[in-house]
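Dear colleague,

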Amino acid sequence: WPERNWTNPKEFVILGFSGWPQGLQVLLFALLLPLYLATLAGNLLILGLAVMDSALHTPMYFFLGSLSAVEVAYTLVLTPRMLAGFLLPPGGQAVAASTCAAQMGLFVALGGSECLLLAAMALDRYLAICWPLYYPQLMTSGLCWCLLASCCVGGSILALSLTTAIFQLPFCHGGLVNHVFCDLPAVLVLACGNRDLQEHVLLAACLLLLVLPLVLILLSYTRVLLVILGLGGAEGRQKAFNTVASHLTVAVLHYGCATAMYARPLHSRSLEEDKLISLIYINLTPLLYPAIYTLRNRDMQGALQRVAGQSTPGSV
């Protein structure tokens, strides 16, 4: 495209699935809305129990409650606008360029914070199981808050860097975003000029934020599993194994989906396939997190019973 056609559009149009038949879009809305409400309710339940029940005032549930809070914000940023797109007339949703940049920045900041939080949770379980005698002195309340702040700051810095790097480019392919939200690759393919720097920055960020923490988590939990297998009591071993299995399942789901989506060069992508995959990692994957943590966790189940018992008149 010649440079005279380069421009900075004042608005972008998120196409979503506007090219699909209207009946199919309404059906998707009817299927995905209950999933979204269940995800929101599940994460708010975990966050509320972690705050209200004194038995859960431990580092593990501090990070779990923080993870649920990030998940609530993550789904609020993406899902309502995506669901609204199913009910709008054909042609997509027009959003201001600043709104598109804000959505991209919040998505990256929250997703990056979640990646780092999962690594912090792995560190907590490693210290609790491999260094039990030193754990109360090591994992203090101050350290928990410092780790949480570091995760949020790290995700925010990454989001600011990537969003600024992409939106400083001129755009010559119009403002039609072939996705359900202002995702990084979907906006980057609209840019003109030399996009190599931005693409390399995106791949480097994926390597730093996805692959490296996942390797550290797997190494940490490998060490934890070896220690668990050497524990004497079967009950303690089973409880520790269930906790680690829940954390590891969530980590593999999160890092696996994110790596499959973003650790690829632009020329090997199909935006239509990315849109379909986004339905899974926006709607289905976040729903599995509270299900895994609440259904497999006896402490959460006990806290829920205690809170429910306190709210029932005449209960003991």
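At 0% relative accessibility, Cys182 counts as buried, a class that means under 20% relative accessible area, with exposed meaning over 50% and partly exposed the range in between (1.4 Å probe, protein chains only). This is a predicted model, in which local features need pLDDT of at least 70 and side-chain atom pairs count only at pLDDT 80 or more, while totals for chains, interfaces and linings use all residues. Residues are numbered from 1 along each chain as its sequence is written, and side-chain values use heavy atoms, with hydrogens and water left out.

Cys182 forms a disulfide with Cys100, the two sulfur atoms lying 2.0 Å apart, where a disulfide is a pair of cysteine sulfur atoms within 2.5 Å. The link joins distant parts of the chain, 82 residues apart, with Cys100 in helix α3 (residues 97-130) and Cys182 in the loop between β3 (176-177) and α6 (184-188); helices (H or I, at least four residues) and strands (E, at least two) are DSSP runs, numbered from the N terminus. The link is left-handed, at -120° about the S-S bond, and Cys100 is likewise buried, at 1% relative accessibility.

A search of the whole structure finds one disulfide. Cys130 has its closest cysteine sulfur in Cys144, 17 Å away and so too far for a bond; for Cys146 the closest is also in Cys144, at 9.3 Å, again too far. Cys130 is buried at 17% relative accessibility, whereas Cys146 is partly exposed at 47%.

Among the segments that an unreviewed UniProt entry lists as "transmembrane region" are residues 61-84 and 104-123. Residues 61-84 are 100% helix, with end C-alpha atoms 34 Å apart, and residues 104-123 are 100% helix, with 29 Å between the end C-alpha atoms. UniProt positions follow the numbering used here, feature names are shortened, and annotations may be inferred rather than shown by experiment.

Best regards
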